[in-house]
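Hi,

Here is the structure I promised to pass on. Have a look first, and my notes on the helix packing and the pocket follow below.

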Amino acid sequence: MGTTADLHDEDHRLARRAIASGPPWVRRAAPAVQEAAEHTKLWWAAAAAMAAFGGWRGRTSAAAGVAAMTTAQVLSNAIVKSLYRRARPPAEWVPQEELDERPDSSSFPSGHTAAAFGFAGAVAPVWPAAGAACGMSAAAVAAERIHSGAHYPSDVAVGAVIGLTAAALVRAAPHLPWRRLL
């Protein structure tokens with residue numbers, strides 16, 4: 001695999017396999033994961049719980065997570081999606097019950113995945129245990145986006161990179177003014 005066409009074909013093959021297969025419990029759990037991730041409800045709830053019950057570390061983690069999530073959403077949904085239009089996986093690949101839930105925006109990149117990985121990536125350095133839990137949830141969101149037929153694997157991979165980049169930017173932001181003074 002060395003050409004763009006080969007990567008495109010492999011991306012489509014992986015998407016089709018992921019959408020069509022998987023254990024039955026995945027198909028049953030996917031709607032709950034989708035609902036929790038919709039409009040970043042899961043991450044807002046995690047931030048509220050961390051801020052309420054986690055003391056200083058929880059408040060710091062929540063603020064970093066929300067800042068990174070927001071940055072990731074702006075980068076993925078407002079910038080990259082507007083620059084690169086990509087159709088969603090074909091409707092005939094997707095189970096009928098999933099078709100009603102599919103967005104009609106560009107498939108590339110996955111904004112849900114970007115927000116999830118941004119949040120988890122910003123929380124992890126401040127509060128590793130909470131970051132691990134958020135990371136597992138982010139992975140579940142990423143898998144659901146492919147399994148439901150909303151995205152190709154490359155959409156999700158780029159969404160994760162955008163999210164982790166947003167987390168790194170948020171972590172670096174407080175230090176940037178000091179670097180200019182040195």
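A word on terms before the helices: axes are lines fitted to C-alpha atoms, for helices over the stretch in contact, and angles run from 0 to 180 degrees between N-to-C directions. Helices are DSSP runs (H or I, at least four residues), numbered from the N terminus. Keep in mind that this is a predicted model, where local features need pLDDT of at least 70, side-chain atom pairs count only at pLDDT 80 or more, and totals for chains, interfaces and linings use all residues. Residues are numbered from 1 along each chain as its sequence is written, and side-chain values use heavy atoms, with hydrogens and water left out.

H6 and H8 (residues 153-172) pack at about 40°, their axes 7 Å apart. In contact here (heavy atoms within 4.5 Å) are residues including Phe 117, Gly 118 and Gly 121 of H6 and Gly 159, Ala 160 and Gly 163 of H8. By class, that contact has nine nonpolar, five polar and one charged residues (Ala, Val, Leu, Ile, Met, Phe, Trp, Tyr, Cys and Pro count as nonpolar, Asp, Glu, Lys and Arg as charged, the others, Gly among them, as polar).

H8 also packs against H4, at an angle of about 130° and with the axes 8 Å apart. That makes H4 oblique to H8 (under 35 degrees is roughly parallel, over 145 roughly antiparallel, 65 to 115 roughly perpendicular, and the rest oblique). H4 passes H8 in a right-handed crossing. Among the residues in this contact are Ala 68, Thr 71 and Leu 75 of H4, with Ile 162, Gly 163 and Ala 167 of H8. The class count is 10 nonpolar, three polar and no charged residues.

On to H3 (residues 41-53), which packs with H6 at about 20°, axes 11 Å apart; the two are therefore roughly parallel. Their crossing is left-handed. Trp 43, Ala 46, Ala 47 and Met 50 of H3 meet Ala 116, Phe 119 and Val 123 of H6, a contact with seven nonpolar, no polar and no charged residues.

Last, the largest pocket: its volume is about 250 Å³. (A pocket is an open set of points on a 1 Å grid over the protein atoms alone, where a 1.4 Å probe fits, with protein on both sides within 12 Å along at least five of seven lines; lining residues have an atom within 4 Å of a point. Points are joined across faces, edges and corners, and the volume is the space filled by probe spheres set on them.) Of the 17 lining residues, Glu 38, His 39, Asn 77, Gly 111 and His 112 are the closest to its centre. H2 (24-37), H4 (55-83) and H6 (111-126) each supply at least two residues of the lining.

Cheers

Technical notes: A crossing is left-handed if the near helix is turned anticlockwise from the far one by less than a right angle, and right-handed if clockwise.
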